Amino acid sequence: VDTSAVEANLLGAGQVDGKTYGIPIGANTLALYYNKSILKAAGVDASSITDWASLTAALARVKAVGKVGITFSAIGTEEGSFQFEPWFWGAGADLTSLDSAQAQAALGLWASWVKDGYAPNSVLGDTQTTSWQEFAAGGTAFSENGTWQLANAASGSFPYGIISIPAESGGAAPTPTGGEFVTVPVQSDTSRYATTEKIVACLTSAGNAYTTDTTLSYVGATAAVQAQQGSASAALGPWITAVHTAKGRTSENLGTRYPKISQALWTAVQSALTGSSSVAAALATAQSSAQSAG
């Protein structure tokens, strides 16, 4: 299957040891939705939020006017890791070193937001769906969520905007890619591959991929589909930009080690946010667990 047109960072989630095992039909990722009415009341200009310091300052101003600063999913599942990774990577941390100073900075940021009341305690049990529902209720300034909430945002009861998740020192943080891949299993009856190839071509062709991605509020995996989407919907602009800087969770040759690393990471997030462990201790335990898991 020809994968040459697929964006390299998106294709990376389907590669191990230099071999490609799948082709994406599209991708989704994360950004920050914001409630324009709340930010206006708090005197916050969304364009001024460019790093962690300016975002935290904005959350403080939101709290001062009696609103909730930010909601996200920190649940003890892959959703929690998925939502933490932009902050983790935005600090310069690496998934092979969960206890680094950079990792501690990222987890410390989330822990401080909960401790200072900028984020609600409910983030510990929130999925990405329940986190969005809290934001949609209208009392929260920011929501970390994905492209799949665009239709809900557009039909909501308040005006909204979208900004990139900021890295610690500025610029857009790398965000994790989501979405689905088409893979071809090895089959003993090799005559089946001819039909398999037709199915893969059907699912990943530009025209069909555009229809599928638009229906799912995904971003196309190729520049051609992305350009077509951008022309058809200005709302997808920030998401196309976000997808360009995103990376696969299993990329960098983590492969099947990733789920073990992720479980250790979400456990650390839960421990630190509940206060049952310090940030440093939680991440030290996570690194030990990830290494022992192989």
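Helices in these legends are DSSP runs of at least four residues, numbered from the N terminus. The views below all come from a predicted model.

**View 1. The four-stranded sheet.** Let's start with the open sheet, where 4 strands follow the order β5-β6-β4-β7 with mixed pairing. At its edges stand β5 (68–71) and β7 (160–163); each has a single partner strand, so one side of each is left without a neighbour in the sheet. From one strand to the next, the twist averages 20 degrees. Further in, β4 (residues 30–35) and β6 (residues 140–146) pair in the antiparallel sense over 5 bridges.

View 2. Helix α6 (residues 128–136) lies across β4, β5 and β6 and runs at about 150 degrees to β6.

**View 3. Y33 and its ring partners.** Among the aromatic pairs, which come to 12 in count, two involve Y33 and are shown here. The rings of Y33 and W132 have centres 4.8 Å apart and planes at 70 degrees; planes over 60 degrees apart count as edge-to-face, so this pair is edge-to-face. Because Y33 lies in strand β4 and W132 in helix α6, the pair ties together parts that are 99 residues apart in sequence. Both Y33 and W132 are buried. With Y160, the ring centres of Y33 are 6.0 Å apart and the planes meet at 45 degrees, so that pair is tilted. Y160 belongs to strand β7, so its pairing with Y33 of β4 ties together parts 127 residues apart in sequence. Y33 has a relative accessible area of 0%, while Y160, at 22%, counts as partly exposed.

View 4. The largest nonpolar core holds 58 residues, of which W87, W113, F142 and L273 touch the most other members. Elements that each supply at least two residues of this core include β4, α2 (36–42), α5 (101–115), α12 (258–274) and α13 (279–292). Take a moment with F142: setting aside residues up to four places away in sequence, its contacts include L32, Y34, L55, I70, F135 and I163. A second, separate core of 22 residues includes Y33, V200, I240 and V243. Look also for W52, F72, F84, W87, F88, W110 and W113, which ring pairs link into a cluster.

**View 5. Q83 in helix α4.** Q83 is found in helix α4 (residues 78–90) and is buried, with a relative accessible area of 0%. The side chains of Q83 and Q128 are joined by a polar contact of 3.0 Å. Leaving out residues up to four places away in sequence, Q83 also touches L30, F72, S73, W110, E144 and N145. For a sense of scale, 15 Å separates the C-alpha atoms of Q83 and G179, which are 96 residues apart along the chain.

**View 6. S262 in helix α12.** S262 lies in helix α12. Buried or exposed, where does S262 fall? At a relative accessible area of 1%, S262 is buried. Its side chain makes a polar contact of 2.4 Å with the side chain of E78. Beyond its neighbours within four places in sequence, S262 is in contact with E78 and S81.

Note on methods:
Residues are numbered from 1 along each chain as its sequence is written. This is a predicted model: local features need pLDDT of at least 70, side-chain atom pairs count only at pLDDT 80 or more; totals for chains, interfaces and linings use all residues. Side-chain values use heavy atoms; hydrogens and water are left out. Buried means under 20% relative accessible area, exposed over 50%, partly exposed in between (1.4 Å probe, protein chains only). Contact means heavy atoms within 4.5 Å. A polar contact is a pair of N or O atoms within 3.5 Å; within protein, one must be able to donate a hydrogen and the other to accept it, and residues adjacent in sequence count only if both atoms are side-chain atoms. Two strands pair if DSSP finds at least two bridges between them. Axes are lines fitted to C-alpha atoms, for helices over the stretch in contact, and angles run from 0 to 180 degrees between N-to-C directions. A nonpolar core is a set of buried Ala, Val, Leu, Ile, Met, Phe, Trp, Tyr and Cys residues joined through side-chain atoms within 4.5 Å. Rings of Phe, Tyr and Trp (its six-membered ring) pair if their centres lie within 6.5 Å; planes under 30 degrees apart count as stacked, over 60 as edge-to-face and the rest as tilted.
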